[in-house]
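Subject: Structure handover

Hello,

Here is the structure I promised to pass on. Please open it beside this message; the notes follow below.

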Amino acid sequence: MLTAVTGINWGDEGKGRVIDLLAGQADVVVRYQGGNNAGHTVVTEQGKFILNLIPSGILHSGVTCVLGDGMVVDPEHLENEIQKLREKDVAVSPKNLKISTRATISMPWHRIQDELEEDRLARSGAAFGSTRRGIAYAYSDKYRKKTLRMGDLLRLDEENMKARLKMMLDAKNMELAG
C-alpha cells in the first residue's frame, strides 16, 4: 500500500507533522521536491529535531528515507543536519538515507544570488522575505541545465565534468559581476 502526502499550499501546512505520524508504519519515506528552505520541527522522546532536508522518517528505526530527483540539496546544510541528528543518537547512514543521483545541488553562488536580489528588492521596499538559501536560483539553474546533480560528484575528475563546471563558473562570474 502506498500513502502520499502532498501539499497544496506554500509551507506551514503541517506536512512534516503528518509524515512523522505516518512514518512509524512506513518502510520508505521519500521527499520528492523542495530544498532546505522548507522545514519542520518534530518533538519526540529523544528531543526536539529541526529538519529542513531529511524527512522525519529518519527518526523511526527501520525506515529508509530518500531525497528524491526533484530536490535541491545544499551539501553543507545536509552535512550539518546529519551531524545534529547523530549528536542526538539518531542513526544516519547509507542504509537509511538515500540521495538520488538526479537531485540538484544548491551551489554557494545560489545563496549569493538570493542575498543580492533580496537586498536589491529591500532598498525599494519590495523584498519578499526570502530565506536567502538560494533555492529559487538552484531551481532556475536546474531548468537552464546550468548546475550539478548529486551523481555528478562521482565524476568530478572527468574532463567533460571539469569543462562543464568551468562553463558554469564562467557564467556565474559574469552574472555576479553585473
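Leaving aside neighbours within four places in sequence, which residues is Gln113 in contact with? They are Tyr137, Asp141, Lys172, Glu175 and Leu176. Contact here means heavy atoms within 4.5 Å.

Before the rest, some ground rules. This is a predicted model, where local features need pLDDT of at least 70 and side-chain atom pairs count only at pLDDT 80 or more, while totals for chains, interfaces and linings use all residues. Residues are numbered from 1 along each chain as its sequence is written, and side-chain values use heavy atoms, with hydrogens and water left out.

The overall picture

The protein has five helices and six strands. Both are DSSP runs, numbered from the N terminus: helices are H or I with at least four residues, strands are E with at least two. Read from the N terminus, the order is α-β-β-β-β-α-β-β-α-α-α. The radius of gyration, taken over C-alpha atoms, is 18 Å.

Of the 178 residues, 37% count as buried. Buried means under 20% relative accessible area, exposed means over 50%, and partly exposed lies in between (1.4 Å probe, protein chains only). Take the contacts with a separation of 6 or more: 63% of them join residues 24 or more positions apart.

On charge, there are 25 positive and 24 negative side chains. Lys and Arg count as positive, Asp and Glu as negative; His and the chain ends are not counted. The centres of the two sets lie 3 Å apart, with each charge placed at NZ of Lys, CZ of Arg, CG of Asp or CD of Glu.

Helix 3

Helix 3 covers residues 108-123, 16 residues in total. From first C-alpha to last, helix 3 reaches 23 Å, close to the 22 Å expected at 1.5 Å a residue. That expected span is 1.5 Å times one less than the number of residues.

Gln113 sits in this helix. Gln113 is buried, with a relative accessible area of 11%. Trp109, His110, Asp114, Glu118 and Leu121 are also among the buried residues of helix 3. Their cover includes strand 6 (104-105), helix 4 (135-144) and helix 5 (159-177). Just after helix 3, Gly125 takes a positive phi of about 80°.

Two loop residues

Arg132 lies in the loop between helix 3 and helix 4. Arg132 is not a glycine, yet has a positive phi of about 65°. At 30% relative accessibility, Arg132 is partly exposed.

Lys145 is in the loop between helix 4 and helix 5. Lys145 is not a glycine either, and its phi is positive, about 60°. At 68% relative accessibility, Lys145 is exposed.

One more buried residue

Asp20 is part of helix 1 (residues 15-23). Is Asp20 buried or exposed? Asp20 is buried, with a relative accessible area of 9%. Beyond its neighbours within four places in sequence, Asp20 is in contact with Val42, Ser56 and His60.

Best wishes

Technical notes. Rg over C-alpha atoms; globule rule 2.2 N^0.38 Å.
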